[in-house]
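Biologist: I'd like to learn how to read a model like this one, feature by feature. Can we go through it together?
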Amino acid sequence: MKRLFTFALLFVLATGMVWAQNEKYTKAMSDGINALLAIDRSNPDPKSLVEISNRFERIAAAEPKEWLPKYYAAYANVLLGFVAPTLNEKDQYLDKANALLKEAEGIAGKPNDELEILKAYQSQIHLAADPMNRWQTDGEKFQGFLQSAKSINAENPRIYYLEGSSLFFTPEEYGGGKKAAKPMLEKAQQKFSAFKPETAIHPDWGKMETEWMLSQTN
Amino acid sequence: MANRFVSAVTHNLLAMKLFYCLLLFVSPAVLAQKSIQGKVTDQKGNALPGANVFLKGTYDGGTTDANGVFAFQTSESDTATIAASYVGFEVFEKKINLKENIAALSIRLEELANELNTVVITAGAFEASDEKRMAMLKPLDIVTTAGAAADITGAMQFLPGAQRVGEQEGLFVRGGSGQETKIVLDGMIVQNPFFSSLPDVQSRGRFNPFMFKGTSFSTGGYSAQYGQALSSVLLLNTTDKVSNNGLGISLNLANAGLNYDYANKNQSVSAVVYYGNLRPLFKLVKQNVEWIHAPEFEGSSLTYRWKPTKNGVLKVYGMYSDSHLSMDSRNPSSESGKMRLVLKNNNAFTTSTYTDSWADGRWTLNSGLSYSRNKDKMTWDGVNFDRFDERTQTRLVLTRLLTGNNTILFGAEAHAINIGNGVDGTLHKLKDRYAAAFVESEIYISRALAGRVGVRSEYSSVISRANIAPRLSFAYKTGRYSQISLAAGQFYQNPDYRYLYLNKSLRNERADHLILNYQIIKNQRTFRVETFYKNYAQLVREFTGQPFDADPYRFPWGATNNGGEGYARGFDFFWRDQKSIKNLDYWVTYSFVDSKRLFQQYAHSATPTFISNHNISLITKKWFEKAKTNLSATYAFTSGRPYYNPNNDEFLKDRTPAVHNVSIQASKLQSIKGNLVIFYATVDNILNTRNVFTYRYTPDGRTRYAVGPQSYRSFFVGMQIMLSRKAKVEKDDF
């Protein structure tokens, strides 16, 4: 009886600690995600992005079984690959994003649409860093990753957002432009309205950007 | 009952005690936060802002500020592992004691090996690649250079170390003749890289520059993997995948073609067919050559690529072309001053290569098998001359990656070459079985110092001779963006096959190279200077007992030996700037060479006729965003070359006037009904300069003819349509 009681108590304490740990993880993740959301998208500050990436990497190091911290760290590095001033720095961040994505894939263990989408985003930013020499290889990769994301989960709105954004920034003469992007962005918007992230800390970006782009197409 | 109650209470009390104990055990740690402060720097002590410093296994950590300083709190006590990471640097880890606050922890990070901090062996190599950041050119540069006519060797002629010889095809490198450069496609020697040679007309290369992902032009001191070239090798590497899925149409003043690409996950096929006829162009552009039948040609190629394993790639490429033309060429030694040439050519080339790697890239295999066959049926003033050659070759190279990026490779190749020359029905045959083995190692002594040591051994059956050629190259990093390199080696090549019909006891010709190079690549600007000394030995001399015969098409019938020798020395420099002016890219090349040789029929040492002491080229490219147009202009200067004047007692003392050429090229992107169309137009020799490449004399020495380009000012227009090409194209399409 005594033993049983102690056991029960220890069990309660232990689960409480696990729960506390979970809460700590969720809170740290939410804090990081909120910091990401707070970033000014029109003029992202590289310093804060580095800080955010570091934060997620620390969580990732402490939670080796979670793919989301690596995902967000990779996401921050993709954004850094966009804002960094020189090609060399851009590439360093983008290479790092790639490495983080590889690790995240290893943890996730099975094909994951969000990781495929982020890989597509990475290719898009990698292309933008040196378009003259990269359009061929990266353009192909971009399409390939989005295709495989579609085959996993065609309902993911970020697939259509990336496709739409790619059209949005392509000049009209080449079949792109704001008008051409509109149907794709509308599709993204529609998918966004139906989309529920698995948890509060699962990827949920792109809606704001889609709406901004749509507002520009009118 | 009471007992039971008491016992329950006791239990409760015990439990509460335990609970508080646990609380007490936990809370002091929560309350007693320790602070950790310090600085992260590189090995030289420069602050690294943005580095991530944290305690492993916890969420505690911080990011360094602009001065590399970090500070954070932790509730961990006892010991912990502190880790620091920074992009491009190795992760740092250290056990620390957390009994007290840490005020000044100094962390020095080690930079990871990368393209900037690791030396690359570069002496003598000039690369065009998308993959390597150190490359000085991109494959697209070849097609967007005005004056190169979208021809690979045409573009290479503007590179440092190359000399332009307007009336002959081939790459003339640092005092070498066109025959001293071998063109190598995926490791396999291309037997007939150019369309059949015509008197005083420069023939184009047979390959489409879009086929290649990388090109490496060696100006000497090249790797032991290649041989049979006294001066240079031009290495062409074909792409691994299709560039454009679907159908494409190309139309221009000279030809019409169709290309079709299809790819699925592991396989792809590209097919090309074309028909060309230069008559329409010649109607528009005044020709200096008297064409009886303007060149007419047709051809096709098929490429198949397959990825059977994760890293394995099989490529099979086959092409076939035939051409027909007839011209009246100048012949100073005939009475009419003309000679009628009729040429029909058939050419086939197939190559298949397989590359793979195992054990995380520690072993790499490159193998290939290729066959080429070329037939020229010619008549000169009604007399039949036939040329025939075929080459079967196989090659295998195994590379082992050792620790610290060091590599060692072993390889071998074997060729079966059959050559035939027919004069009025009598066929003279020559057979050569050639084999080579080589071993080469790249050694990184440190990130700043690397060396490449190789040796190649060859055997040729036609002359029954073997040779051993050592190759050596070193590179030392002098700064973050700069390095010096040194290369030396011995290079052997069989004598021109024409000599071997009569004398099979000749030996290989030999060249010894010594090259010193300095280069700095920083911020999209490149400066490179290279100086060289080349010693030629065992060159073939011919003794006819008669005065020098300047006819370039004569058959060498005199007695021959290997008594020739010579040298070439000089320097060249290259400056490219893609940064200073937005959307403007320009490069300047200057090459100087001083060379003398005693060879062929030369009675004494002289500067050969293909040498020009000074070659300058200025290439500019500008992209106009609004017009979606790329404009390129090229100025090329070639100083005068020696020519044989029978009236001058001094052999090869006369010099032609210098050659100037200004050319422009424009290409424009346009979308027509969702299909991408590229229009291009070029004007060559815009100033209509009456360039002279060389002079020829009549046998009496009284009259001389000037040999110049096929046409002076000329233009060319065309378009490329990519049907059903998906959108998303921009400047990027150039």
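**Reading strands, helices and a buried loop**

Modeller: Let's start with one pair of residues: B:Q37 has B:A71 as its bridge partner in β4(B). Keep in mind that this is a predicted model.

Biologist: How many bridges join strand β1 of chain B to β4(B), and in which sense do the two run?

Modeller: The general idea comes first: strands of a sheet pair through backbone hydrogen bonds, either parallel or antiparallel. Here β1 (residues 34-42) of chain B is joined to β4(B) by six bridges, and the two run antiparallel.

Biologist: And in what order do the strands of that open sheet come?

Modeller: The order is β4-β1-β7 in chain B, three strands with mixed pairing. The edges are β4 (69-74) and β7 (102-109) of chain B; each has a single partner strand, so one side of each lacks a neighbour in the sheet. From one strand to the next, the twist averages 30°.

Biologist: What should I keep in mind about side chains when I look along a strand?

Modeller: In a regular strand the side chains alternate between the two faces of the sheet.

Biologist: Which strands pair with β40(B)?

Modeller: One of them is β15 (residues 246-252) of chain B, which pairs with β40 (residues 714-722) of chain B in the antiparallel sense over five bridges. There, B:G248 has B:M722 as its bridge partner in β40(B). Another is β37 (residues 675-684) of chain B, also antiparallel to β40(B), over nine bridges. In that pair B:T682 stands opposite B:F716 of β40(B).

Biologist: Now zoom out. What does chain B look like as a whole?

Modeller: Chain B has five helices and 40 strands. Its C-alpha atoms fill a box of roughly 140 × 60 × 50 Å along the principal axes. Of its 734 residues, 36% are buried. Among its contacts with a separation of 6 or more, 60% are between residues 24 or more positions apart.

Biologist: Why does B:N508 count as buried?

Modeller: The test is a neighbour count, with 20 or more as the mark for buried. B:N508 has 22 C-beta neighbours inside 10 Å, so it counts as buried. You'll find B:N508 in the loop between α5 (497-500) and β28 (509-522) of chain B. Leaving out residues up to four places away in sequence, B:N508 touches B:R465, B:N467, B:Y492, B:Q493, B:N494 and B:Q538. Its C-alpha atom is also separated by 9.2 Å from that of B:Q228, 280 residues apart along the chain.

Biologist: And how many helices and strands are there in chain A?

Modeller: Chain A comes to nine helices and zero strands. Of its 218 residues, 41% count as buried. For contacts with a separation of 6 or more in chain A, residues 24 or more positions apart account for 61%.

Biologist: How do I read the packing of α3(A) and α4(A)?

Modeller: Two packed helices are described by the angle between their axes and the distance between the axes. The axes of α3 (residues 68-83) and α4 (residues 87-108) of chain A come within 8 Å and cross at roughly 160°. The two are therefore roughly antiparallel to each other, and their crossing is left-handed. Residues making the contact include A:Y71, A:A74 and A:V78 of α3(A), with A:Y93, A:L94 and A:A97 of α4(A). By class, the contact has twelve nonpolar, two polar and four charged residues.

Biologist: At what angle do α8(A) and α9(A) pack?

Modeller: α8 (residues 178-194) and α9 (residues 207-217) of chain A pack at about 145°, with their axes 9 Å apart. This crossing is left-handed too. Among the residues that meet are A:L185, A:A188 and A:F192 in α8(A) and A:M213 and A:L214 in α9(A). The class count for this contact is six nonpolar, four polar and six charged residues.

Key: Residues numbered from 1 in each chain as written. Chains lettered and ligands numbered in written order. Predicted model: local features only at pLDDT ≥ 70, side-chain atom pairs only at ≥ 80, totals over all residues. Helix = DSSP H or I, 4+ residues; strand = E, 2+ residues; numbered from the N terminus. Buried ≥ 20, exposed ≤ 12 C-beta atoms within 10 Å, placed from the backbone. Contact = placed C-beta atoms within 7 Å. Pairing = 2+ DSSP bridges. Axes fitted to C-alpha atoms, helices over the stretch in contact; angles between N-to-C directions. Parallel < 35°, antiparallel > 145°, perpendicular 65-115°, else oblique. Left-handed = near helix turned anticlockwise from the far one by under 90°. Nonpolar A, V, L, I, M, F, W, Y, C, P; charged D, E, K, R; others polar.
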